Amino acid sequence: MADLSAMDIYQELPQTDCGDCNFPTCMAFAMQLASKQVSLDECPHVTEEAEEALSASSAPPMRIVTVGNGNSEVEVGGETVQFRHEEKFYRPPGIGITVRDGRDRDRLNERVERVNQLQFERVGEEIGVDMITVENSQLPPSEFGELVAEVNDISELPLIILSSDPESIEHALKEVSDGRPLIGKANGENWRKMAELSEKYECPLTVAGEGLEELADLTERISETGVEEMILAPDCESLPNYLQTLTEIRRLAVKEKYSPLGYPVMASTVSDDLFQLVADGTNHVLKFASILTLDTVKKWQILPILTVRQHIYIDPQVQNSVEAKLYEVGDPGPDSPVLFTTNFQLTYYSLEGEVEDGGFSAYITVMDTDGLGVLNSYADDRLSGEGIAETIREQGAMDLVNHDKIIIPGLVAMLRISIQEEGDWEVLVGPEDAASLPRFLRKEWEE
Amino acid sequence: MQIPDVKSEWDNEISTVKIGATEKEGGTRSANISVGGETTLPFLHFEGSTPHRPVLAMEVWDIPPDSWPPVAREQIEGVMEDPVEWAQKCEEEFEPDLVCLKLKGCDPFGQDKSPEEAAKLVEKVIEATSIPLIVWGCGDDDKDNEVFTLVSPAAAGENCLLGTITEDNYRTLAALSKADGHKIVAESPVDINMAKQVNTLALDIGFELENLVIFPNSPALGYGIEYVYSIMERTRLAGLKGDRLMAQPILANIGGEVWGTKEAKIPEEEKPEWGDHRKRGPMWEATTAFTYLQSGADIVVMRHPESIKATKLMIERLMEGRGE
């Protein structure tokens, strides 16, 4: 069935803009439905005929599942494509660090404290781990429950509570169900009890299985008991096995709209080697995990995985920009060159990298072009001698140096004269690509 | 429960590019390597074949690599003054699939080494090593054309991979490669249409696309990697769907990109919140490689032995699923 447009969907809605779906207008709701980000159930006034007309198109191909609540809640799933360039990846995978129940309490507490520290800042954004996975393998149910309560006390992060014994899960839930942890894993043997707990405590449930058939069979049975928020946790023993299984599940969900497997997927690492653990994590983030559990607290392992997640989940349809302002690269002084560019993220960081790499210090004055690169900004009529001169003046780069030279990108060489006239500076035309900048600076600047 | 079959079938195969020539083939390499030939997306062995695993090349420079941070440089302490010894150490100790000799010293705004000197060095490196070779110019179009005019015949018969041709500079290197039996790297600036354009230009002057690899540039993790991740993915999809101009193996040249980033360079003493930089640097390079390998890269050019080792191991693990 072909996907319906927002307009097609809007025609079927009550068009009252009542707001009961939590969207301001029926059109806003229709747009969310069209991109499969909400379910038609959110509208209490939809007619039966409309429901029939829209049902095939309205169901999100992959359910959205929320773990935790309040400030630290993590929403995962709801993905609609296999390749990010087709649309975008919507919800970055939640990353949970594993804590096992076998450790003595002091060491366990120390590990949880270290997990709390795994928050970083990169390119102006906060990135960090989102969850703690508490695994039960040794303690009896009541002691496990106490331990989970203790972890919950010393961390704000939502919990993933894993045990094959439903009794352990129940002891834990009695303590921490307010925090809406993710529980599991339900399997062929314990699924009835696990489903009951999920229902009773209103917590999402992970479902494990060997192979897609077993998984699909289990989710079907569990959904019949009324549990809707599930996470698939396929048993995979190797990296290629994970890649195949997660690829198949993603395709089944988004291309076949195969509802028994239309859930987010949880993956964990399979190698103990320090570098291969990061290889596993990177592969899972790139290829279709919605929750990733990692058994490490080492920053040098966590940071690259978080960075892969941060960048792969950037919306490819939106131009990414950096703040338009004057940047100091290296340790610039009165003799340093002044470079002009636009605020497309890649443009700016390429330029910054080349300046640093070449061992130079420079001022970079960055104009707001809504995140467009130099050539696109020019093609889009956003660059004029006047506008550029105004930016340079406002940001004040020329007040910091003892010369009157400004270097512009080679791609806009045609603006040289007009900038020169507007600004009364000497305008030098730099290279067309950032990579040639060090050579340019050595030749034109240092000589 | 019957699960729908979601295997994808593709119309076209990625071309296979062989690099290096053995004695039988008119060269002196102990073995050649092939890349490409895929009939599916990276490592999806359940629906198609990946006849050749992706390969890794290690950088060797013709001048001491002063711009490399200490963590990358100390691996080649004692040999970095001598590119021949450096290449030898690479092959013997670090076991990459190829050596990538970068002729940085030919840069007219750097040491401005002569084409004769470059050609002599290439001959010596060929003599001192037995694995296939990539030779990479300094990036100055005019100088590179002069340099390759001597370097290409000096390596004739060895079936090297020479780089790069670009939209603005492709005639000389393409003609030389064809005459001397080499392969070429077709470079484009983070733009899929430009990648296609460079291939079209090469084809127009009679260079067979089967002798070329695509290099769409390859920013480091955290510095625009997502653009090229998607460009590689789209290139590979187009190639598999039948676009012959996009059906070539893909190269990522990440060493220079990665080792210029703060994340790879800044010591732990200056940035304790990022952890041990002696591990973080190689990890950053390896993670950049892992990412490109999942979007279609067939050749990755790298710097640090530890990241090469880790990337090689991941490739081996991902290739294990073959034939199951």
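The model described here is a predicted one. Contacts between the chains involve 55 residues of chain A and 60 residues of chain B. Across this interface, 17 residue pairs are in polar contact, with both residues of each pair at pLDDT 80 or more. The elements of chain A that each give two or more residues to the side touching chain B are strand β4 (119-122) and the helices α8, α9 (239-254), α10 (274-286), α11 (299-312), α12 (345-357) and α16 (437-445). By residue class, that side of chain A divides into 24 nonpolar, 12 polar and 19 charged residues.

Charged pairs also span the interface, where 5 salt bridges are found between chain A and chain B. One of them joins the side chains of B:K262 and A:E352, with an N to O distance of 3.4 Å. Side chains of opposite charge can pair when their charged atoms come close.

Over all chains, the structure holds 33 salt bridges. In chain A, the side chains of A:E75 and A:R91 meet at 3.1 Å, N to O. A:E75 sits in strand β2 (residues 74-77), whereas A:R91 belongs to the loop between β2 and β3 (94-100); the two residues are 16 apart, and the pair links distant parts of the chain. The two partners can be told apart by their accessibility: A:E75 is partly exposed, at a relative accessible area of 38%, while A:R91 is buried, at 12%.

A second salt bridge of chain A is formed by A:D295 and A:R111, with 2.8 Å from N to O.

In chain B, B:E273 forms a salt bridge with B:K271, and the closest N and O atoms of the pair are 3.6 Å apart. Both partners fall in the partly exposed class, B:E273 at 39% relative accessibility and B:K271 at 23%. Returning to chain A, the residues A:R100, A:R111, A:E135 and A:D295 are joined into one network by salt bridges that share partners.

The domain assignment divides chain A into domain 1 (6-58), domain 2 (64-312) and domain 3 (326-445). Between the C-alpha centres of domain 1 and domain 2 of chain A, the distance is 31 Å. A local example of residues brought together across the sequence is provided by A:E228, whose C-alpha atom is 8.9 Å from that of A:V65, although 163 residues separate the two along the chain. A:E228 is part of the loop between α8 (211-224) and β10 (230-234) of chain A. Apart from neighbours within four places in sequence, A:E228 is in contact with A:R63 and A:Y263.

Most residues other than glycine have a negative phi, and most peptide bonds are trans. In chain A, the peptide bond from A:G184 to A:K185 is cis, with omega near 0°, and A:K185 lies in strand β8 (residues 182-186). In chain B, a cis peptide bond with omega of about 5° joins B:G163 and B:T164; B:T164 is placed in strand β6 (residues 161-165).

Positive phi values occur at A:K257 and B:D112, neither of which is glycine. For A:K257, phi is about 50°, and the residue is found in the loop between α9 and β11 (266-268) of chain A. With 36% relative accessibility, A:K257 counts as partly exposed. For B:D112, phi is near 50°, and the residue lies in the loop between β4 (98-102) and α3 (115-128) of chain B. B:D112 likewise counts as partly exposed, at 42% relative accessibility.

Methods. Residues numbered from 1 in each chain as written. Chains lettered and ligands numbered in written order. Predicted model: local features only at pLDDT ≥ 70, side-chain atom pairs only at ≥ 80, totals over all residues. Heavy atoms only, no water. Helix = DSSP H or I, 4+ residues; strand = E, 2+ residues; numbered from the N terminus. Contact = heavy atoms within 4.5 Å. Salt bridge = Lys/Arg side-chain N within 4 Å of Asp/Glu carboxyl O. Polar contact = N/O pair within 3.5 Å; in protein donor to acceptor, adjacent residues only side chain to side chain. Nonpolar A, V, L, I, M, F, W, Y, C, P; charged D, E, K, R; others polar. Buried < 20%, exposed > 50% of the residue type's maximum accessible area, 1.4 Å probe, protein only. Domains from an automatic or database assignment.
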